[in-house]
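Trainee: I would like to learn how to read helices in a model. Please take me through some cases.

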Amino acid sequence: MTLTGRAPLVRLGFVDATRAQALLGPEGLGVWDPEAAAPAGAGAREVIDALAATADPDLALLSLVRLVEERPAGAELLQRLRTAPGLRQRLIAALGASAALGDHLVSHPAEWRILDDESSVAESPTVDALRDRLLAAVGAGPGDAQPRARGSGPAEVAALRTAYRRELLLLAARDLTGLLDLDNATAELSDLAAATLSAGLAVAHAGLRADAVPTRLAVIAMGKCGGHELNYVSDVDVVFVAEPAEGSDPVASLHTATTLATSLIRICGEVAWPVDAGLRPEGKAGPLVRTLDSHTAYYQRWARTWEFQALLKARPVAGDAGLGQAYVDRLAPLVWRAADRDHFVDDVHEMRRRVEATLPARTAVRELKLGPGGLRDVEFAVQLLQLVHGRADETLRSGTTLVALQALAAGGYVGLEDAETLGEMYRWLRTVEHRLQLQRLRRTHRLPDDEDGLRWLARAMGYQSGPEMTAVEAFEADRARHAREVRRLHEKLFYRPLLQSVARVPGDELRLAPAAAAARFKGLGFADPDGALRHLQALTAGVTRTAAIQRALLPAMLGAFAEAADPDAGLLAYRQVSEALGRTPWYLRFLRDEGLVAERLARLLASSKFVADLLARAPEALRMLASDEELRPRTAESLRVSMLAAAQRSPDKEAAVVTARGQRRLELLRVASADLLGLLDLAAVGAALSAVTDATLCAALDTAIVAATERRGGPLPMQMSVIAMGRLGGAEVGYSSDADVLFVFEPLDGAEEGEATPIAHEVAEEMRRLLAVPAPDPPLGVDAGLRPEGRQGPLVRSLASYAAYYARWSSIWETQALLRARPIAGNDETGARFTSMINRYRYPRGGISAKDVTEIRRIKARVDGERLPRGADPATHLKLGRGGLADVEWTVQLLQLRHAGEHAGLRTPGTLAALGAAAAADLLAADDAEALAAAWRLTSRVRNAVSLVRGRPADSLPRRGRELEGVARAVGYPPGEDPGGFVEEYLRTTRRARATVERVFYG
């Protein structure tokens, strides 16, 4: 016998080719010619190919030889294998996949014939047919009201074991040859378990004493058997419920039921698998059998969250059918109210974490069931979604994981793609689990860690070695991929923030009739409950997937709207955004799957008309709400580069600036959202808004210069810079701020100022025009009113003209305005030379004269007396009121004009930075500096908040109502707190600042 003769068998997958050759050869099955190293006789090749296709060809061959050796059926079997393709495929597949089924066949050699009966394998038997066959095996009458076996001894147990294994063999053969998919295989295994429990109970009844008191006993399947998704080998979880038979003593009847339950557990353990009653009330410490009322009382008063989760799969499978159904009917309402319990979602999360914590780290990765990315990840996620959303949606109330997952997808609670992926992964993992358990009919969920075991499992799963990777490598690659995907989707669904919000909505409020819904809206604080109901009906009407997802989202979002100052405005804005984006594929999926986005969106829409208007024009910006990182303002440099690039890509100048303004709109939304969500402080908001304005002006100026260059047909004779003034210069821009600027130019070498001036003026006007072109974004007004001579002076001046003006004619108010001057766009060198030139005027050595101080105070008094709008309350006007922005800024700027020549720290355009520098130089008492800073911060925040809430600028604190409450909430006051306290804080802070101004500015 040569190595060459064995080589074909090695290639076919036989590990022990020497033994395989002997067993296949003339002394064995007679299907292999050792000399020719080839199959021998008709049908031989098919037999050998069938053996080679199994998970373990050596095992299949050895088991087949043992079976053939059993006489007298062996010769007949061998002949049928050569000629009967169906038998050959089914029998050899079972022998190669399961040593235990091979042993069963060797012990019962005639049973191979059931695999040769096409009618037996063509269709899965019904649960009634299985029950009848197993009852008949123990001599019980299938039609009896209470079947009783012919006896209760070892013979009946052995007969039931043989009948069970016979049905299991048929089932496995169908499974391994592709006649059953996973869903049907697990369902048939569950039916077989139910039939076995019924037959086992018949044997238990036969063992009762003749004087046993009659009882009614129902067996309730839990876990995978209850969910109709049982494994090949698994504990069968059950709960027992009993009631006295008519006229029976309750105590004695319960004793009989306990005897039956105890016997059933023992019998099924000897026949097939352990019966576990540990899910009963109080677990193993509680009585094995309880009455229906006792079960009900326990679940109403004492049950923990996980016990309701377990009841989700409860299903009567044996014993008294009426009692079993009564058990399910009684407890089901409690299951679907479980999510109303406090901390329900947190409890389920913690239970999953505890399970994972029990796994040793070194073995967790090989755990199919409990490990990360394993079966429990899928099951826990599905069950949590069911228990939260199933309170109102009865289509979700299936105990079968894959059926429930499909219902969750159909109802819009899970994305179709996510559900499909999760279902595919779950089926793969369950199939691996089945192949592992089928090998020796032992309960296991752990992958082999040796090469031989992995090779067997990979082949059992259908993997074959190829030129690029072995079967084991291909299996391991898929296993890792499945684990990653399952874990990713588990974390996405199981820890979805939206679940927390939906769970907080009482179950009876998830689905309300119109009258009840209107009352609910009124209770939530909606001023127009009927209007809110119309919005709700418009969003959720119909049977479309969009409506289904809205029905899943809105219960949680209504609560978020209710926590805001204006729930009506929030719901209206949400409807408008939804109608604008409702047919966009990603929109609702994004809100559902990214629960944080839904909560943030609801809060923002109900808090800010400014944000609602921006979102209506840029709904795609919703994506940025998914994370704090996305809401972080972009850097000034990145904004500048991005807007310039966007503008330069468009040949149409108006379109170029509209594009840049569109980016500004997006950034305004980013900053406003982060502000309202508490992610930015006032300084960060001012800096971010200023950077956005700087970049927009930069893009507009660049576009205007390019347009002028194209009109002239050559380079311009000057270089130009835009100087920020006012709040923009101080990088303290608010949501309602215009862009205060100066335009300055320098003629290029060889050019005359007279030639350059009209061109510079043309560029400045074009820049302002482009920024005023109608577009779907907030306007950006460009105000050059702080230029020399104000609005009477020329819009644009040369650097030399500015220098001459400031040297000879400027007023003190113009010098004061220069304190905030900052170059932001255009030529950097021109901007730097302008700044250097004005420093001698705004930071005069020795300070300004007493006359100038008196003039500044006179101008400020005139502003206080004349500029305050008619009817405005000076106590609550944010800009010109007592202790408001103007008070603080004029005080700080007077200190700068008097002392910046000697104190470099005062040479800053920022108000708070200058205040800090004045205090550090002992020019201002620390208490006074803090009083002014506190007032400036508060009035700036309130001014921003008013713009956010109203959607348009205003300089007065709202007097009352929802606007006042909204502003208070926007600056940080908690929900439900009287906004009167906020007003009192504002008045107290500004009064203190005004007292400081009276002493420091006018003193």
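**Reading helices**

Mentor: Start with helix α39, residues 828-842: its 15 residues reach 20 Å from first C-alpha to last, close to the 21 Å expected. The expected span is 1.5 Å times one less than the number of residues. Helices are DSSP runs of H or I, at least four residues, and strands are runs of E, at least two, numbered from the N terminus. This is a predicted model, where local features need pLDDT of at least 70 and side-chain atom pairs pLDDT 80 or more, while totals for chains, interfaces and linings use all residues. Residues are numbered from 1 along each chain as its sequence is written, and side-chain values use heavy atoms, without hydrogens and water.

Trainee: Which residues of α39 are buried?

Mentor: Buried means under 20% relative accessible area, with a 1.4 Å probe and protein chains only. In α39 these include Phe-834, Met-837, Ile-838 and Tyr-841. An α-helix has 3.6 residues a turn, so residues three or four places apart point the same way. The buried residues of α39 pack against elements including β8, β9 and α41.

Trainee: At what angle do α44 and α45 pack?

Mentor: Angles run from 0 to 180 degrees between N-to-C directions, using axes fitted to C-alpha atoms over the stretch in contact. Helices α44 (961-970) and α45 (979-1000) pack at about 70 degrees, with axes 9 Å apart. They are therefore roughly perpendicular, a term for 65 to 115 degrees. Their contact (heavy atoms within 4.5 Å) involves residues including Leu-964 of α44 and Phe-982 of α45.

Note on methods: Buried means under 20% relative accessible area, exposed over 50%, partly exposed in between (1.4 Å probe, protein chains only). Angles under 35 degrees count as roughly parallel, over 145 as roughly antiparallel, 65 to 115 as roughly perpendicular and the rest as oblique.
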